[in-house]
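Colleague: I am new to this structure, and I would like to learn how its features are read, one at a time. Could you take me through them, giving the general idea before the case at hand?

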Amino acid sequence: MTPLLALLRKEAYHIRRDRRTLAVVLALPVVQVLLFGSAIRTDVKQARLAIVDQAPDEATLVLRNRFAASDAFRIVEVTPRTSDLDRLFRMGKAQAGVVLPVGFAGDLDDGAGASVLIVVDATDPNIGSVLHAYAEAVIRGFERERPTGRRPVQIAATTRMRFNPTRESSNLFVPGLMAFVLTILATLMTAISLTREKESGTIEALLVSPLRPWSIIVGKVFPYLVIGAVAALLIIVEARLVFHVPLRGSVVLLAAEAVLFILASLALGILVSTRTSSQRVAMMMAMAGTMLPNVLLSGFIFPIESMPLPLQVLAKAVPGQWFVTLARGIMLKGIGLEYLWKETLILGAMAAVLLAASAAAFRPRLE
Amino acid sequence: MSGPSKSGPTAPAIEAVELTRRFGAFTAVDRITFEVRHGEVFGFLGANGAGKTTAIRMLTGLLTPSGGTARVAGHDVYTEGEAIKRSIGYMSQRFSLYEDLSPRENARLYGGIYDLTTTEIRERTSTLLARLGLEAVASRPVRELPLGWRQKLALSVALLHRPSIVFLDEPTSGVDPVTRRQFWELIYEAAASGTTVLVTTHYMDEAEYCDRLSIMVAGRISAIGTPAELKRQHGVSSIDDLFVRLARPA
């Protein structure tokens with residue numbers, strides 16, 4: 001029997017004996033994705049809309065109908081007076097208002113163009129901008145269906161929303177969430193499993209044995225890689241069934257990228273365990289070391305492009321950022337390695353560097 | 001039994017010269033020089049913090065010395081760590097078995113780590129379980145066994161690959177006197193079969209069981225010899241008296 005095989009079997013025993021932890025480890029990511037995925041939403045449904053129609057005509061009626069038919073809006077009031085809008089906003093009865101000018105149909109027909117005012121409640125700026133975009137989308141739809149040859153409605157801003165035409169925020173969030181929960185899980189698993197061996201003293205028995213540090217690392221990483229891969233598959237299934245996130249690209253490629261990402265995180269956990277011999281401290285370090293960067297710097301919630309340059313540079317060092325890009329590309333855009341080879345190489349290199357660093361830090365000698 | 005050492009069978013099993021380990025400004029082990037002969041039960045005595053564990057860690061390759069030289073089973077601790085690891089067994093004061101694994105699984109793990117064949121592991125494990133009378137609990141998690149049984153099992157597992165030297169770091173701490181006696185019987189058995197034993201303890205009655213012993217005080221070896229020699233040289237009736245005298249010079 002080879003020493004490595006003996007180690008792997010031992011780790012499998014640990015995992016099998018501790019069924020409760022295994023259940024938690026596999027259920028936690030699924031539940032986290034479910035909770036976060038349901039809680040974090042920037043898309044809006046049935047937003048309260050007030051329409052100011054100062055002089056109803058055939059064009060304003062068509063546009064009003066389009067708003068009424070939109071799933072994003074629910075018309076709470078139609079009024080002829082602009083002054084009513086202020087009251088509706090203050091009372092919180094309306095989240096968005098659309099002001100249609102006098103002579104709307106005429107303006108459209110004579111080619112001079114018409115102007116429509118969109119007012120949104122920007123108390124929450126994110127929701128505000130989403131509402132704005134929705135309203136604009138409805139107006140664009142109206143404009144497209146006008147008979148050809150007529151001039152467009154005058155609205156300055158144009159917004160393109162590709163790859164997520166239904167503007168489902170879960171499409172954007174679920175790949176990020178996947179990175180978030182997988183990295184926490186993987187880092188915690190190795191960090192805790194190794195510090196537990198330090199606390200109980202069993203690590204010394206391994207260290208005085210002829211086992212090479214590499215064997216010890218592989219013996220730790222491989223079993224948890226299997227668990228991490230199972231968790232990743234569960235999340236992909238959940239994303240599909242619960243959140244209806246499309247999986248347009250290759251599942252195999254996505255799973256392979258997840259394995260690279262989990263490897264990097266497991267190695268990070270080993271590095272954590274070399275810095276402390278207490279399970280409690282290891283847990284804190286693993287959580288702080290994965291949660292913050294992966295919430296703030298992975299592009300999962302906050303777009304990296306809008307960060308100041310130093311943070312953008314820092315974000316490049318977070319493996320999560322690369323995995324989020326990869327997962328979004330594969331799931332939403334349906335693109336493969338021909339576009340993603342660079343990100344894949346970077347993620348793979350990160351996993352390799354972290355593993356090498358953890359093996360180097362995990363000296364056969366103590367202290 | 002692992003192969004003969006490079007320096008020939010007459011060389012000491014363990015040989016330390018001026019071995020030193022510093023942690024920053026603190027010198028945990030201060031130029032200790034001693035040798036342990038083949039098949040001997042050598043006691044390493046000292047109060048807590050005297051440097052016993054640090055010394056053992058240097059000899060087992062867990063810690064790099066800051067100075068001096070040492071050879072274990074004929075191999076240099078600086079350059080031949082791998083060869084040393086193959087020749088030794090080790091059991092620490094902190095429990096070295098996996099508590100969620102059964103005695104059989106623990107034995108199989110360590111047998112595997114030391115590259116024994118599957119047949120060797122199976123045969124030695126059943127002999128071991130029979131000798132310790134653990135067959136009935138061979139598949140129960142180790143944590144369910146009484147501490148004394150666990151310590152005896154840990155020692156037997158540390159001897160499974162038949163090392164030429166075994167290091168026992170306070171193996172009996174926290175164990176009741178009866179079990180300690182049984183534990184020492186296991187130690188004698190190992191020594192009788194040719195294994196050199198280096199054992200640390202702070203139970204002075206155990207010191208009397210050793211062939212030879214050294215007493216460490218504040219990182220140095222203050223006395224070394226057979227129990228009888230040491231008592232005669234210092235004119236004391238027990239090792240306990242000697243230890244108190246050395247630890248607190250009047």
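Colleague: Among contacts in chain A between residues at least 6 apart in sequence, what share joins residues at least 24 apart?

Modeller: Two residues are in contact if their C-beta atoms, placed from the backbone, lie within 7 Å. Of the contacts in chain A between residues at least 6 apart in sequence, 78% join residues at least 24 apart. Please keep in mind that this is a predicted model, in which local features need pLDDT of at least 70 and side-chain atom pairs count only at pLDDT 80 or more, while totals for chains, interfaces and linings use all residues. Residues are numbered from 1 along each chain as its sequence is written, and chains are lettered from A and ligands numbered from 1 in the order in which they are written.

Colleague: How many helices and strands does chain A have, and what percentage of its residues count as buried?

Modeller: Helices (H or I, at least four residues) and strands (E, at least two) are DSSP runs, numbered from the N terminus. Chain A has 14 helices and four strands. A residue is buried if 20 or more other C-beta atoms lie within 10 Å of its own, exposed if 12 or fewer, and partly exposed in between; by that rule 38% of the 367 residues of chain A are buried.

Colleague: Which residues have the most contacts inside the largest nonpolar core?

Modeller: A nonpolar core is a set of buried Ala, Val, Leu, Ile, Met, Phe, Trp, Tyr and Cys residues joined through C-beta atoms within 7 Å. The largest one here has 139 residues, and A:Leu182, A:Ala264 and A:Ala267 have the most contacts inside it. Helix α7 of chain A, residues 169-200, gives the most to this core, with 17 residues. A second, separate core has 27 residues, including A:Leu63 and A:Val120. Leaving out residues up to four places away in sequence, A:Leu182 touches, among others, A:Pro29, A:Ala232 and A:Phe261.

Colleague: Is A:Lys45 buried or exposed?

Modeller: A:Lys45 counts as exposed because it has 11 C-beta neighbours inside 10 Å. A:Lys45 is found in the loop between α2 (19-39) and β1 (47-53) of chain A, and, apart from neighbours within four places in sequence, A:Lys45 is in contact with A:Asp71 and A:Ala72.

Colleague: Why do the buried residues of α11(A) line one face of the helix?

Modeller: The arc to consider is that of the directions from the helix axis to the C-beta atoms. The buried residues of α11(A) are A:Ala282, A:Met285, A:Ala286, A:Thr290 and A:Asn294. Seen down the axis, these buried residues fall within an arc of 115 degrees, so they line one face of the helix. The face turned away from that buried side carries the exposed residues A:Arg280, A:Ala288 and A:Leu292. A:Met287, also found in helix α11 of chain A, is partly exposed, with 15 other C-beta atoms within 10 Å.

Colleague: How many residues does each chain bring to the contact between chain A and chain B?

Modeller: Chain A brings 23 residues and chain B brings 27 residues. On the side of chain A that touches chain B, α1(A) gives the most, with eight residues.

Colleague: What is the order of strands in the open sheet of chain B?

Modeller: Two strands pair if DSSP finds at least two bridges between them. The open sheet of four strands has the order β2-β1-β4-β5 in chain B, with antiparallel pairing. Its edge strands are β2 (26-36) and β5 (75-76), each of which pairs on one side only.
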